[in-house]
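Please walk me through this structure.

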Amino acid sequence: MIFDSIIFLFAFLPVLLIVYHTVPVQLKNGVLLLASLFFYAWGGLLYLCFMIVSIIFNYICGLWIAGKAKKRHTQRLRLFVCLVVNILMLGILKYGGLLLDSLYPAWNTAENAGFGMEWLAPVGITFYTFQMLSYIIDVYRGKVKVQKNPADLALYAALFVKLPAGPVVKYSAFVKQLHDRKGSWVKFGEGAMFFIRGLAKKVILADNLGRMFEEIMAEAGQMSVLGAWLGCGAFAFQVYFAFSGYSDMAVGLGWMFGFDLPKNFDYPYGAGSVVEFWRRWHISLGAWVEEYVYRLLGKGSVFSILFIWLLTGLWHGISWNYVIWGIYFGILTVIGMSFMRGSLAGIPGVLGRIFSMVLILTGWVFFLCPTPGEAFAYLRAMFGIEANGLIDHYGRYVLMTNLGLVIIVLLSLTPGAYRGLEKIFNRGGRSRALVNGIMYGMLFVLCAAYLVAGDHYPFLYLRF
Amino acid sequence: MGKRQRQKQKRPGERRKEDKKVKIYRRRAVAVVFAGVMGVLSLVDLIPGEKAFSQREDRELTLRPEISFKGILDGSVMRQYDVYRIDQFTGRSLLRLVKTGADLLAGKRKEGGVYKGKDDYLLEEIAAPDEEQLNQSIERIGEFSGRYEKIPVYLMLVPGAANVLDAKLPDFAVTEDQRQIFESIRQSLADSVRWVDVSSVLEKHMKEEIYYRTDRHWTSLGAYYAYQNLAEVMELDMEKAPELEPCAVTNSFNGMLSSASGYNTGYAEPIFIYTPKGKDAEPKLVAEYVEEGEKTATLYDRSKLIGKDEYKVFLGGDHGMVDIRTTADTTDRLLLVKDSYANCLIPFLTPFYREIIVVDPGYYEGDLDTIMEENKISSVLFLYGGNTFVQDSGLTRCLD
C-alpha cells in the first residue's frame, strides 16, 4: 500500500486510527503490527513472506550474537555470518531479476510478468534490511539489549509508517519509543500538518512535475536550452518532492501514533555546496552509512568516500549511467571536503547556491537518461551545444502553461516562504489558528482531488 | 494600545507561554479539521452504488476486481482494487472539477489531448502522423485508384479546428503543422487521386461557426462549405440540389472534447441539419445498415439526441457499411470511404446519386474491391478527418 492512495487515506488510516486510539495500551503495539503487516501485504502476499523471513532470521541472529561464546572472536564470526546472509538476501531480491534476465532472457516475458518472473524488488526491502542490520550490529556492539520479544522487533522493522520510503531509524533510537510514548491531540495535529504537507508535495507538486517532465520529453529530439533545463529541473524536483513528501508523511504518521521520527530532508536545494546538499538529503540514510559503514572503511579517506558513492550509484541500478553518477558526486564530495574552507566548497551567498544547483542538476541528468550517451546528449542541449536555440516555442509553451506550478515549486525549495507563513500564523490567536486549520483542510481536499482525477506517478524510489 | 504593542510590553516568559498556547491551538485546529475531512470523505465513500460507465468522462469505469490467489500473491488484485476505489469514489465528479479548476489557475490549458482555447473553444491536438501507417495507406489508395482507371477517385481530408482556428489556441501553444502534412499527402497522391481542398475553404469562413466548441467535428455549416467545394471538383450537377435551410435538432449538445478533458462541461451548443425548403423537394431514400440488418427512411437518428453523444444523430454514428438508395434521377453511384467527419456531409450528397455506399474501415470487415466489383460504382470518395487519417490502420486492411 502507499500513502498517496484513496484506499490508504479513506479506508485504512481512519479505521486504524479509531482502533488504535480505542484499544487499551497493552494492545496498541499489536494493533500497529497487524496493521503494518496488512499494509505491506497489500503490495503482494509474497513480499510479506520475504519480510517475515527476514525478521525471524534477524531475531534469531540477535539472540545468537548476544549469546554466550567460548572464544572471543566467535561473536564476530556470528555477526559476519548474519551480515552476509542479510546482504545476500537483499542482493538476490533486488538484483535477482537482472541475473535471471541475463541467464534466461526467455523467461522474462510479458506473460510471466507480475509474478516474480518479471522481478520486482519488494517495496522497502532496503529499508527493512538496513534497519535489521542496524539492530544486529548494535547488539554486537553491546549498545542495546537483545530484543527477546519478536513482536517488538517485527514492529521495528515493519512499522508501516516508515517502511515504504524511510526514514531509516536506528534501533537504538527507536527501541525506547516502543513502550514509552504518549499521544495527544497536539501531537496528532502536528502529525496531521506534516502529513498533509507531505501529501501535497507528492500529489500536487511531484506528480505534476512528472507530467511536466513527460511534456518536455515529448519533444526530446529538438530541445532548446530552456526546454532542457525545464526537463532536468522537473525531473530533479519531482524526485525531491516525492521523496521528501513521503518522508514528511512518514514523520506525520509517526506523530499520529506517538512516535518521534527523525527528519529526512532539510531543504537540500537551499544548500551552498554539493557536500552540504547531500548532508541535507536523505539524512537518515547518511547517518546510517556514517555509523555502520564509514567506520569500517576508514572515515573520511578518499577511498571510502569514492567507494561509498560508487556503491550508492550501483544501488540504484546496475548500469553505466548510475556508475557515472556515483563517481561524479564522489569526486565532487572529495573536492568539497578537501577544500572545506576554500572557495570551491563554500562560495558564499547566492552565487554559491546557484553554482551548487547547477552541479546537482547536472548530476540528475544521469538518472534522467538511461544511457550515458543520451545523458551527454542531454547535457549538450542544456549547455547550448547542439540545442534548438536558447528558447523555443515549445519550451515557452510548457513554461507558461505550468507557470503556477513552477512558481510554487521554486518557493518551496527553500525554507523562506514556509517560515514566513509560520511567522504569520504563530503571531495570531485562536481565529488565526482556525484559519490555519481550514487552510490545511482545503489543501487536503485538493490533494484528494488530484488523487482521484489526476495522473498518478508511482514514486520511483519505491523500487529501491 | 494596539494588540502588537500590548504583546511587546509583556515579559519574555509570558510571551513564550502565549506562543506555546498559539502552537497548541494551531495543532488542535489542524487535528480536528484533518480528522473531520478524512472522516467525512471516508463515510461518504461508503455510500453504495457502483457505476460501470461515466457519461461525463465518456469512458468505462473500473469495477470490483476478481480475486485470485495468484493475484493476491503478487499484488495485482490489490492494484486493481486501488484503481477501482479511485474510479468509484463518491464525489469523483466534484473532485474532478476542483482539480480542473486548480490546474486552470496554475496556467494549464491542455488536458487529455484537448486545448482549452479562447471564446469557449475546445480544440483537439493535431496528431503526429504514424509514418509507417500513413505511407501504407497512401500506397494502397494509389494502387486502388490504379485498378479502376475509368473511375475517378477523390480524397478529401478535413483539417482539425486547432489548425484552421489556430487563433483560438491558448497562448504559446504549438501544434503539429497539419497544412504541411496534408500537402505532403497531396503530393504523394497527385497522380492517382483528385485532391479536394477543404482547408482554404474553411479558412475563408473561419469567423463563422464551422467547428463545434466542445467536439472535434466540424459543424454542418462547415460541412456545407466543404460540400460546395466538393461539388465543384466532382462536377456535380447543381441543378439537382434543392434549396436548403438550417434547422436545429438540439440546443444542448456537449461534445466529446468536453468529456475527455473536463473543460466546459456545462457548455451547450446547437446541432443543425440542413433540410430542403418545401416538403416535396425532400429526396426519398432508404438507408440500409448492412451489418445490423436494419433499414430506415432517414439519415438522422433522433434517438441519439437523448444522452451524451448527440453528434451520432447523423447516420446513428459509425457503422461498417451503410447502403443508401435514393430516388435521385441518375445512375451515378458513389462509394464513400470515411470516418465520422463525413456523417454530417452525406445528406448534402443524396440528390446526386442513385446509391451511396458508405464504408467506415474502422468497423468494416470486408474489402473495398468486392464492393467495386459487385456494384456499378461511378466515383469513389475518401473523406477523413486529418487526425484519423494519419493514424488509421483500418484503411489498409480494407484495401488489401
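Predicted model: local features only at pLDDT ≥ 70, side-chain atom pairs only at ≥ 80, totals over all residues.

Residues are numbered from 1 along each chain as its sequence is written, chains are lettered from A and ligands numbered from 1 in the order in which they are written, and side-chain values use heavy atoms, with hydrogens and water left out.

Begin with chain A. It has 19 helices and zero strands. Both are DSSP runs numbered from the N terminus: helices are H or I with at least four residues, strands are E with at least two. Of its 464 residues, 55% are buried. Buried means under 20% relative accessible area, exposed means over 50%, and partly exposed lies in between, with a 1.4 Å probe and protein chains only. A contact means heavy atoms within 4.5 Å. Among the contacts in chain A with a separation of 6 or more, 76% come from residues 24 or more positions apart.

Next, the interior. A nonpolar core is a set of buried Ala, Val, Leu, Ile, Met, Phe, Trp, Tyr and Cys residues joined through side-chain atoms within 4.5 Å. The largest core holds 225 residues. The members that touch the most others are A:Phe8, A:Phe160, A:Phe257, A:Trp364, B:Trp218 and B:Leu345. Helix α9 (residues 225-256) of chain A supplies the largest share of this core, with 20 residues. Another core lies apart from it, with 34 residues that include B:Ile138, B:Tyr364, B:Leu368 and B:Ile371. Back in the largest core, take A:Phe8. Leaving aside neighbours within four places in sequence, A:Phe8 contacts A:Met1, A:Ile2, A:Phe3, A:Leu13, A:Pro14, A:Phe39, A:Phe160, A:Phe195 and A:Leu253.

Now the rings. A pair of aromatic rings is described by the distance of the centres and the angle of the planes. Rings of Phe, Tyr and Trp (its six-membered ring) pair if their centres lie within 6.5 Å; planes under 30 degrees apart are stacked, over 60 edge-to-face, and the rest tilted. Over all chains there are 77 aromatic pairs. A:Phe12 and A:Phe38 are stacked, at 6.4 Å centre to centre and 10° between the planes. A:Phe12 lies in helix α1 (residues 6-22) of chain A and A:Phe38 in helix α2 (residues 25-41) of chain A, so the pair ties together parts 26 residues apart in sequence. A:Phe12 is buried at 10% relative accessibility, whereas A:Phe38 is partly exposed at 46%.

A:Phe237 and A:Tyr269 form an edge-to-face pair, 4.9 Å centre to centre with 85° between the planes. A:Phe237 sits in helix α9 of chain A and A:Tyr269 in the loop between α9 and α10 (274-280) of chain A, so parts 32 residues apart in sequence are tied together. A:Phe237 is buried at 8% relative accessible area, and A:Tyr269 is buried at 5%.

Rings also meet charges. A charge sits over a ring if NZ of Lys or CZ of Arg is within 6 Å of the ring centre and within 35 degrees of the ring normal. The charged end of A:Lys162 sits over the ring of A:Phe174, 5.2 Å from its centre. A:Arg197 lies over the face of A:Phe194, 4.9 Å from the ring centre.

The side chains of A:Asn321 and A:Ser319 make one at 2.4 Å. The A:Asn321 side chain also reaches the backbone oxygen of A:Cys369 at 2.9 Å.

A:Thr129 lies in helix α5 (residues 125-141) of chain A and is buried at 4% relative accessible area. Its side chain reaches the backbone oxygen of A:Ile125 at 2.6 Å.

Key. Polar contact = N/O pair within 3.5 Å; in protein donor to acceptor, adjacent residues only side chain to side chain.
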